[in-house]
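Open the model in your viewer and keep the sequence panel beside it. The stops below are meant to be selected one after another.

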Amino acid sequence: MSRKSLNDAIADVPQDISLFNRSLLDNLRYGRPKATEDEVLRACKHASCLDLIRSLPDGLRTMVEERGTWLSGGQRQRIAIARAFLKDAPVLLLDEAPIGYRRCKTLIALS
(Lines give C-alpha, C1' and ligand atoms only; values in the text may rest on other atoms or scores of the structure.)
Protein backbone atom coordinates (compact mmCIF):
# COMPACT_ATOMS: atom_id res chain seq x y z
CA MET A 1 0.00 0.00 0.00
CA SER A 2 1.45 3.37 -0.97
CA ARG A 3 1.67 6.28 1.42
CA LYS A 4 -0.88 8.22 -0.69
CA SER A 5 -3.43 5.40 -0.70
CA LEU A 6 -2.98 4.99 3.05
CA ASN A 7 -3.47 8.73 3.56
CA ASP A 8 -6.57 8.69 1.35
CA ALA A 9 -8.06 5.84 3.42
CA ILE A 10 -7.76 7.62 6.78
CA ALA A 11 -9.48 10.70 8.18
CA ASP A 12 -8.32 11.83 11.58
CA VAL A 13 -9.53 14.21 14.25
CA PRO A 14 -6.44 15.14 16.25
CA GLN A 15 -6.50 16.41 19.79
CA ASP A 16 -4.67 19.57 18.71
CA ILE A 17 -6.81 20.79 15.81
CA SER A 18 -5.08 22.75 13.06
CA LEU A 19 -7.01 25.66 11.63
CA PHE A 20 -5.49 28.07 9.15
CA ASN A 21 -5.74 31.79 8.47
CA ARG A 22 -8.29 31.21 5.72
CA SER A 23 -12.06 31.06 5.39
CA LEU A 24 -14.02 28.48 7.30
CA LEU A 25 -14.90 26.90 3.95
CA ASP A 26 -11.21 26.52 3.04
CA ASN A 27 -10.49 25.04 6.47
CA LEU A 28 -13.29 22.51 6.06
CA ARG A 29 -12.14 21.56 2.56
CA TYR A 30 -8.60 20.85 3.79
CA GLY A 31 -8.85 17.08 3.17
CA ARG A 32 -11.01 17.38 0.06
CA PRO A 33 -10.37 20.68 -1.75
CA LYS A 34 -12.86 20.08 -4.57
CA ALA A 35 -15.85 19.38 -2.32
CA THR A 36 -18.96 21.35 -3.23
CA GLU A 37 -20.50 23.78 -0.80
CA ASP A 38 -23.51 21.45 -0.42
CA GLU A 39 -21.19 18.58 0.54
CA VAL A 40 -19.45 20.82 3.07
CA LEU A 41 -22.79 21.85 4.59
CA ARG A 42 -23.92 18.21 4.78
CA ALA A 43 -20.72 17.27 6.65
CA CYS A 44 -21.26 20.23 9.00
CA LYS A 45 -24.81 19.09 9.68
CA HIS A 46 -23.58 15.59 10.62
CA ALA A 47 -20.89 17.10 12.86
CA SER A 48 -23.42 19.37 14.61
CA CYS A 49 -21.74 22.61 13.58
CA LEU A 50 -24.26 23.86 11.01
CA ASP A 51 -25.93 26.15 13.57
CA LEU A 52 -22.55 27.73 14.34
CA ILE A 53 -21.93 28.41 10.65
CA ARG A 54 -25.39 29.87 10.15
CA SER A 55 -24.87 32.17 13.15
CA LEU A 56 -21.75 33.77 11.62
CA PRO A 57 -22.31 36.96 9.61
CA ASP A 58 -20.33 35.59 6.63
CA GLY A 59 -21.22 31.93 7.15
CA LEU A 60 -18.72 29.63 5.45
CA ARG A 61 -16.84 32.67 4.13
CA THR A 62 -15.97 33.80 7.69
CA MET A 63 -12.23 34.16 8.11
CA VAL A 64 -10.64 31.97 10.74
CA GLU A 65 -7.46 33.31 12.24
CA GLU A 66 -4.52 30.98 12.81
CA ARG A 67 -5.56 28.15 15.18
CA GLY A 68 -9.15 29.49 15.34
CA THR A 69 -8.66 31.26 18.66
CA TRP A 70 -12.12 32.90 18.62
CA LEU A 71 -13.77 29.48 18.45
CA SER A 72 -14.35 27.40 21.56
CA GLY A 73 -12.60 24.05 21.89
CA GLY A 74 -15.87 22.24 21.17
CA GLN A 75 -16.50 24.33 18.06
CA ARG A 76 -12.98 23.63 16.74
CA GLN A 77 -13.52 19.94 17.44
CA ARG A 78 -16.82 19.89 15.53
CA ILE A 79 -15.16 21.63 12.58
CA ALA A 80 -12.42 18.98 12.62
CA ILE A 81 -15.08 16.24 12.73
CA ALA A 82 -16.91 17.86 9.78
CA ARG A 83 -13.60 17.99 7.92
CA ALA A 84 -13.13 14.26 8.58
CA PHE A 85 -16.70 13.46 7.47
CA LEU A 86 -16.15 15.49 4.30
CA LYS A 87 -13.04 13.46 3.44
CA ASP A 88 -15.31 10.39 3.50
CA ALA A 89 -12.47 7.97 4.21
CA PRO A 90 -13.25 4.38 5.26
CA VAL A 91 -11.24 4.80 8.50
CA LEU A 92 -11.85 7.55 11.05
CA LEU A 93 -9.24 8.03 13.78
CA LEU A 94 -10.11 10.04 16.87
CA ASP A 95 -6.99 11.06 18.77
CA GLU A 96 -9.16 11.66 21.81
CA ALA A 97 -12.83 10.82 22.04
CA PRO A 98 -14.81 13.99 21.33
CA ILE A 99 -15.68 15.50 24.69
CA GLY A 100 -19.33 16.45 24.97
CA TYR A 101 -20.11 15.19 21.50
CA ARG A 102 -23.80 14.35 21.69
CA ARG A 103 -24.39 12.71 18.37
CA CYS A 104 -22.24 9.63 18.73
CA LYS A 105 -24.66 7.72 16.49
CA THR A 106 -23.20 9.70 13.58
CA LEU A 107 -19.70 8.50 14.44
CA ILE A 108 -20.84 4.91 14.83
CA ALA A 109 -22.83 5.03 11.60
CA LEU A 110 -19.76 5.78 9.49
CA SER A 111 -18.92 2.81 7.33
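The tour goes from a strand to a helix, then to the core and the salt bridges.

This is a predicted model, in which local features need pLDDT of at least 70, side-chain atom pairs count only at pLDDT 80 or more, and totals for chains, interfaces and linings use all residues. Residues are numbered from 1 along each chain as its sequence is written, and side-chain values use heavy atoms, with hydrogens and water left out.

**Strand E1**

Select residues 10–13, which form strand E1. Helices (H or I, at least four residues) and strands (E, at least two) are DSSP runs, numbered from the N terminus. Buried here means under 20% relative accessible area, exposed means over 50%, and partly exposed lies in between (1.4 Å probe, protein chains only).

Opposite alanine 11 is leucine 92 of E4.

**Helix H3**

Next, select residues 37–46, helix H3. Which residues of H3 are buried? They are Val40, Ala43 and Cys44. Because these cover an arc of only 100 degrees around the axis, they sit on the same side of H3. The arc is that of the directions from the helix axis to the C-beta atoms. On the face turned away from the buried side, look for the exposed residues Asp38 and Lys45.

To see what covers the buried residues of H3, show helix H2 (24–28), H4 and helix H5 (73–87), which are among the covering elements. After H3 comes serine 48, with a positive phi near 60 degrees.

**The core**

Select Leu24, Leu28, Val40, Cys44, Ile53, Ile79 and Ala82 together: of the 28 residues in the largest nonpolar core, these touch the most other members. A nonpolar core is a set of buried Ala, Val, Leu, Ile, Met, Phe, Trp, Tyr and Cys residues joined through side-chain atoms within 4.5 Å. E1, H2, H3, H4 and H5 each supply at least two residues of this core. The largest share, 7 residues, comes from H5.

Centre on cysteine 44. Leaving aside neighbours within four places in sequence, cysteine 44 is in contact (heavy atoms within 4.5 Å) with Leu28, Cys49, Leu50, Ile53 and Ala82.

**Salt bridges**

How many salt bridges are there? The count is 4, taking a salt bridge as a side-chain nitrogen of Lys or Arg within 4 Å of a carboxyl oxygen of Asp or Glu.

- Select aspartate 8 and lysine 4, whose closest N and O atoms are 2.8 Å apart. Both lie in helix H1 (residues 3–9), 4 residues apart, about one turn of the helix. Aspartate 8 is partly exposed at 40% relative accessibility, and lysine 4 is exposed at 58%.
- Select glutamate 37 and arginine 61, which meet at 2.8 Å, N to O. This pair links distant parts of the chain, 24 residues apart: glutamate 37 is in H3, and arginine 61 is in the loop between helix H4 (50–55) and strand E3 (63–64).
- Select arginine 22 and aspartate 26, with closest N and O atoms 3.9 Å apart.

**Last stop**

Finish at serine 23, in strand E2 (residues 22–23). Serine 23 counts as buried because its relative accessibility is 12%.

Technical notes. Pairing = 2+ DSSP bridges.
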